[in-house]
Amino acid sequence: GVQALVLFLLLSALIGRFEVHQISMEPTFHEGQRVLVSKLDNLWAGLIVRTAHAAESRRSSPFALKRGQVVVFYRSPERNEDALIKRVIGLPGDTIEIRAGQVLINDAVLDEPYVHGVVTSCTLSCGPHTLEPDTYFVMGDNRLNSLDSRSFGPIPADQIVGRVVLRYWPLEQISWVP
């Protein structure tokens, strides 16, 4: 009994379970699908890397988020709203700009096969913006129907729950998420 409770609490601290309630990540994720989110990267990064002082510290960490990974996060520090699921586009220190339907990272066009040829429109936070240390620019794969960093700006690392590692529901669509 006690061992099962300890195991449950430990796993709950390291892994989050979320259901997708939005269309902003289609066709990668659909409404009703469920995903597991690894909180381990953020836990280790917070314990180990926060003592460093350079803006590049998180990027060089083996636990740092990488461009293209999918994350779950809250828009506010209070975490009093529904969590969002988006793809990491810009990393700390990157200069990001959305121009002529394309995403530019440090003046180079970003290859985005997951948007399936759809252009990236932008009206608010189009850049160029250089991301501060510990901030990320995130966007949904369904660029025409996504509330993301183009609207609310970059998100701080401490609002990220973790990165999506597994789609587990429905069972016939179970798959690891890189």
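## Buried and paired: the aromatic contact

A residue is called buried here if its relative accessible area is under 20%, exposed if over 50%, and partly exposed in between, using a 1.4 Å probe and protein chains only. By that rule Phe73 is buried, because its relative accessibility is 0%. Phe152 comes out partly exposed, since its relative accessible area is 22%.

Before going on, a word on the model: it is predicted, so local features need pLDDT of at least 70 and side-chain atom pairs count only at pLDDT 80 or more, while totals for chains, interfaces and linings use all residues. Residues are numbered from 1 along each chain as its sequence is written, and side-chain values use heavy atoms, with hydrogens and water left out.

Back to the two Phe residues. Rings of Phe, Tyr and Trp (its six-membered ring) pair if their centres lie within 6.5 Å; planes under 30 degrees apart count as stacked, over 60 as edge-to-face and the rest as tilted. That gives a count of one aromatic pair. The partners are Phe73 and Phe152, tilted, at 6.2 Å centre to centre with 55° between the planes. They bring together distant parts of the chain, 79 residues apart: Phe73 is in strand S3 (residues 70-73) and Phe152 in helix H4 (residues 149-152). Helices (H or I, at least four residues) and strands (E, at least two) are DSSP runs, numbered from the N terminus.

## Arg87 over a ring

Which ring does Arg87 lie over? It's the face of Tyr114, with 3.9 Å to the ring centre. For a charge to sit over a ring, NZ of Lys or CZ of Arg must be within 6 Å of the ring centre and within 35 degrees of the ring normal. Arg87 belongs to strand S4, and it counts as buried because its relative accessibility is 8%. Arg87 and Arg163 are 76 residues apart in sequence, yet 9.3 Å apart in space, C-alpha to C-alpha.

## The largest pocket

The largest pocket has a volume of about 190 Å³. On a 1 Å grid over the protein atoms alone, a pocket is an open set of points with protein on both sides within 12 Å along at least five of seven lines, and lining residues have an atom within 4 Å of a point. Grid points are joined across faces, edges and corners, and the volume is the space filled by probe spheres set on the points.

Its lining includes Phe18, His21, Val72 and Asp82. Strands S1 (15-19) and S4 (84-90) each supply at least two lining residues.

Two strands pair if DSSP finds at least two bridges between them; S5 (residues 95-99) and S6 (residues 102-105) have four. Across that pairing, Glu97 stands opposite Leu104 in S6.

Most residues other than glycine have a negative phi, and most peptide bonds are trans. Asn106 is partly exposed because its relative accessibility is 43%, whereas Asp107, at 68%, counts as exposed.

There are cis peptide bonds to look at too. One joins Glu26 and Pro27, with omega about 0°; Pro27 is in the loop between S1 and strand S2 (34-38). Another joins Trp169 and Pro170, with omega about 0°, and Pro170 is in the loop between strand S11 (160-169) and strand S12 (175-176).

Methods. 1 Å grid on protein atoms, 1.4 Å probe; cavity = no way out; pocket = protein on both sides within 12 Å on 5 of 7 lines; lining within 4 Å.
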